[in-house]
Amino acid sequence: MKKVFIITAVIVGIFLALQVRSFQKVEFLLQRSGPESVFEELRVFQIANQQLRTQLEESEKNFEDIQSKITSQAVEAELLRLQLIAGEHEVSGQGIEIIFNISVPAYRIADLITQLVTAGAEAIAINDIRLTPQTAGLRDVGGGLLMRRHFLRAPFRISVIGPKQELKLSISQSGGFLDRLQNSYSGLRITLSEREKIVISKLPE
Amino acid sequence: MKTRFFNLFFIFIGIIIGIILSLQIRAQPVGTGSSPEKQLAIQKSLLNSFLTEQESLKKKLLSIEEKLSSAKEIMEKRSSRETQKTLSRLKRLTGFDAVSEEGIRITLSDNPSVSRVDFSALNENFVQASDLRDLVNVLFLQDAKAISINEKRILPFTSIQPVFDSILVGNFQIGSPFVISVVGNPDALQEAVKVLHKRKIQIFVDTPQTITVASADNPRSLKFLSLDNQ
């Protein structure tokens, strides 16, 4: 009789463990899958094509501009464009600020960056370290984050320059990115605010 | 007394199994695998129309980008040597130059046991957008100098997102297999691949003598960003 008990208990234990593991796996994939439904994903594709059309129009206009402008003006425009991206100068513009009071895993921040870029972010900084090819790469380290060579501690302040309303909407919809994040970590407080002017410092020397 | 105890024990086990079963039954069905046929047909038709539109846009864009690059090259050659140096340095910093150095090439494919026709975002046998995002993140951490996925240059501002059964890199749709070319220290870069070792996908790494990663497409116009001293 004792054996029956043990066998039954072991089988129930295995069922429970399998069930919990299966829920955890699905939950993890669902949390990271981003858009809520297939139609939402298709909308992303539609937006991508719209952006390609805009890019096409801009490239055609740029080409005409280069041909019509005198060389110095065209070169200056190109220099300014690259300087704005490179991170060697302080930049500003309208945008949003997101603050996490406690540390969240690096992959969550990477997923958030993807959402913001899709919504039109032009510059992003975490705790005032601007995201560029020289600082890209996030890793969890001892209760904080390593952004390539920069160690960042909570609270994390993510400053984003871009269309503030679209940026805010892209992450704050019901069931959206911030909702899923909030539900995953007890004790996490998220502050999201629109700003007329966000300033992002140049990269440290 | 003993029989009563056994009865209680089996009732308890029964209740637990009942709870597990009811949880399973109440679980939300996963949309990707349970769409009605009609809905799936609409999705497929929409996807095909977007794909066709994208192909046509890609061709036009490629043609104008080539013209634009040539015009820029001529324009830069006419400027002073100092300006040319600055432009070249800034392009290197921002990823708008081609890089050809030592590095590695990583090929990610779905597990042979599955087919993309049956794609599910919840199936670990498929290469997911998050796999590519995680890999790119770790490659940057290993000081990758330049990264491309299926010939598209990846910058920190390149989004990688799932769309139905394919993946959008930037605004371009790409499909499996995913070939990631990376310029940098081959030993350090190979360490990065370990981030995917728990996945059930196929990973192949090779180290050709030279890896060439093309320049990023011309940068999109910046509407909100300005130098703060202006």
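Predicted model: local features only at pLDDT ≥ 70, side-chain atom pairs only at ≥ 80, totals over all residues.

Trainee: How many residues of chain A are in contact with chain B?

Mentor: 68 residues of chain A are in contact with 62 of chain B. Contact here means C-beta atoms, placed from the backbone, within 7 Å.

Trainee: Which element of chain A gives the largest share?

Mentor: H2(A), with 20 residues of the side that touches chain B. Among the others supplying at least two residues each are helix H1 (2-32) and strand E1 (91-100) of chain A. Helices (H or I, at least four residues) and strands (E, at least two) are DSSP runs, numbered from the N terminus.

Trainee: Switching topic. Which residues have the most contacts inside the largest nonpolar core?

Mentor: Leu116(A), Ile124(A), Val160(A), Leu139(B), Ile147(B) and Val182(B), in a core of 81 residues. Helix H4 (residues 129-141) of chain B gives the most to this core, 8 residues. Such a core is a set of buried Ala, Val, Leu, Ile, Met, Phe, Trp, Tyr and Cys residues joined through C-beta atoms within 7 Å. Buried means 20 or more other C-beta atoms within 10 Å of the residue's own, exposed means 12 or fewer, and partly exposed is in between; C-beta atoms are placed from the backbone.

Trainee: What is Val182(B) in contact with?

Mentor: Beyond neighbours within four places in sequence, its contacts include Leu139(B), Ile147(B), Leu189(B) and Ile211(B).

Trainee: Now sheets. What is the strand order in the chain B sheet of 5 strands?

Mentor: E4-E3-E8-E2-E9, open, with antiparallel pairing. Strands E4 (152-154) and E9 (202-206) of chain B are at the edges with a single partner strand each, so one side of each has no neighbour in the sheet. The twist averages 25 degrees from one strand to the next. Angles run from 0 to 180 degrees between N-to-C directions, with axes fitted to C-alpha atoms, for helices over the stretch in contact.

Trainee: How many bridges join E2 and E9 of chain B?

Mentor: 5, in the antiparallel sense. Arg105(B) has Asp206(B) as its bridge partner in E9(B). Two strands pair if DSSP finds at least two bridges between them.

Trainee: And what is the order in the chain A sheet of 3 strands?

Mentor: E4-E5-E6, open and antiparallel. The twist there averages 30 degrees from one strand to the next. E4(A) and E5(A) pair over 4 bridges, and Val141(A) stands opposite Gly144(A) in E5(A). H4(A) packs on this sheet, touching E4 and E5 of chain A, and its direction makes about 155 degrees with that of E4(A).

Trainee: Back to chain B. How far apart are the centres of domain 1 and domain 2?

Mentor: 21 Å, taken over C-alpha atoms. The domain assignment gives domain 1 as 37-78 and domain 2 as 97-213; bounds come from an automatic or database assignment.

Trainee: Last one. Is Thr54(A) buried or partly exposed?

Mentor: Thr54(A) counts as partly exposed because it has 13 C-beta neighbours inside 10 Å. Thr54(A) is in helix H2 of chain A.

Technical notes: Residues numbered from 1 in each chain as written. Chains lettered and ligands numbered in written order. Contact = placed C-beta atoms within 7 Å.
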